[in-house]
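Here is a structure to get to know. Have a look at the sequence and the model before reading on.

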Amino acid sequence: MPPKILCRSVSADELAGAVGELLGDGFRLALVAAHDDDDALRIVYLLLAGQPDRRVELTLTTRSGNPSVPSIAHLSIPAGRFEREMMDLYGVVPQGHPQPRRLVSHAHWPSGWYPMRRGAERPPEFATVSGFPFVTVDGPGVYEIPVGPVHAGLIEPGHFRFSVIGESVLRLKARLWFVHRGIEKLFEGRQSADALPLAERISGDTSAAHALAYSLAVEEALGIEVAEPVHVLRALVIELERLYNHATDLGALANDVGFALANAHAQRVRELVLRINHRLTGHRLLRSAIRPGGVVLQQLPDPFELQAVGTDVAEIAALTLGNSVIYDRFADTAVLHGEHARALGCLGYVARASGICSDARRDHPTTTLPVAVAANTDGDVLARYTIRRDEFAASVALACALIERHAGALRHTAPLPVVAGRRRGVGIVEGWRGTIVHRVEIDDGVITRCKVVDPSWFNWPALPVAMADTIVPDFPLANKSFNLSYAGNDL
């Protein structure tokens, strides 16, 4: 069982001091969630720390009419973004925010309509205004390059505005939320056992990790303790999801600099892992395997097959980095310095490539098996490539260890109990992109709130920072080295 969350109510005057103290003690702000309780709005701040696993929730209550909270953006850049999200979706005004402009809602969204509030009706007619107040960079030879939101190929929409002199990028602004789907609103009113398909579709390439984060949150809320074999099998599923995505990225990064041969081999490996996934769960993307209260697998992978795949990927990476032209394109490109990654709250391989050694498998573990956490301090495309390469090898070793540890049945299911009253739970999982957090509130078996934070939420602001002083032709390569989820961000 995860450690018990320390819950504490704070006043508006106490909030900044309480958060600042926890940040100073090594915690990070993982989530800020508003809750509409009709007569009041309740704001929950979840802070996490690892080694040992520690979890603290601070709750601030404000009136439902003209709600406001004191901004803590001066303490945390992610906090400022969470506050802007609450302002757009709940109408909670962050008092003292340095940049209180819209984040989620675009200019054509109607003012005064807050879709996450309980009394929100169908929106009034959307306006015809468009545009975004991009910062204009002036000077001799400076010009702008707008890219998107519609892109070539099968890619979700996002707008990038480059301010450029020659080929060098002076400033990049990424504008997202073109496909905001209201995912968190869709959770409301569903039975806790019936919302799993929604969790699996938050970000399609991270189906299993989101399913596990949701399941862990529901289990904590309902007081369910699952056996160690369940955790072992679930961890195996998450590692397989890590494998096929990292293999894909290793090939795509090589392809972005014209090395199609490495990409072809990497896509072959991806297909092999997807077929293993299908034999394991009946679904190539590992859906329906992990569920609240249990796990259902069809068979275990062959460890020798996984080891062979690991050998293939090591050879592909050696072939790629052995090419001096490719190495030169990767090295010193789109550098994200450690202090910037830390200030932005970066997670996953983006953080680890910049020297931040964080991993929820170690910091918030569900199994007792040790996890090798790869790290690098260079912060460039090369570092983000080698982190993936090293994580692939570590995941193969971990998956084989999990297979060896497992004994007994491959199916573990149990009906979910209906617990009276409002209960809350948190699920923390290291997905292949980084740490995922789900926080649920359940009342008599029905979900009243589900807050989801995908690692891309934290990592998107880092891409423009890394692009400073990078040339425009390297943007596709830099972007792929981050490979952030639009869907995971644009909930």
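What follows is a short tour of an annotated stretch, a helix, a sheet and some cysteines.

This is a predicted model, where local features need pLDDT of at least 70, side-chain atom pairs count only at pLDDT 80 or more, and totals for chains, interfaces and linings use all residues. Residues are numbered from 1 along each chain as its sequence is written, and side-chain values use heavy atoms, with hydrogens and water left out.

UniProt, in an unreviewed entry, lists residues 29–118 as "domain: NADH:ubiquinone oxidoreductase 30kDa subunit"; such annotations may be inferred rather than shown by experiment. That stretch is 16% helix and 38% strand, counting DSSP runs (helices H or I, at least four residues; strands E, at least two).

Now for helix α6, residues 228–255. Its 28 residues should span 40 Å at 1.5 Å a residue, and the end C-alpha atoms sit 41 Å apart, which agrees; the expected span is 1.5 Å times one less than the number of residues. Of those 28 residues, 25 are buried (under 20% relative accessible area; exposed is over 50%, partly exposed in between, with a 1.4 Å probe and protein chains only).

Next, an open antiparallel sheet runs β13-β14-β15, where strands pair if DSSP finds at least two bridges between them. β13 (422–430) and β15 (446–453) are the edges. β13 and β14 (residues 435–443) share 9 bridges, and Arg-424 partners Glu-441 in β14.

| Cysteine | Relative accessibility | Class |
|---|---|---|
| Cys-357 | 35% | partly exposed |
| Cys-400 | 11% | buried |

The disulfide count is 0, taking a disulfide as a pair of cysteine sulfur atoms within 2.5 Å. For Cys-357, the closest cysteine sulfur is in Cys-346, 15 Å away, so too far for a bond.
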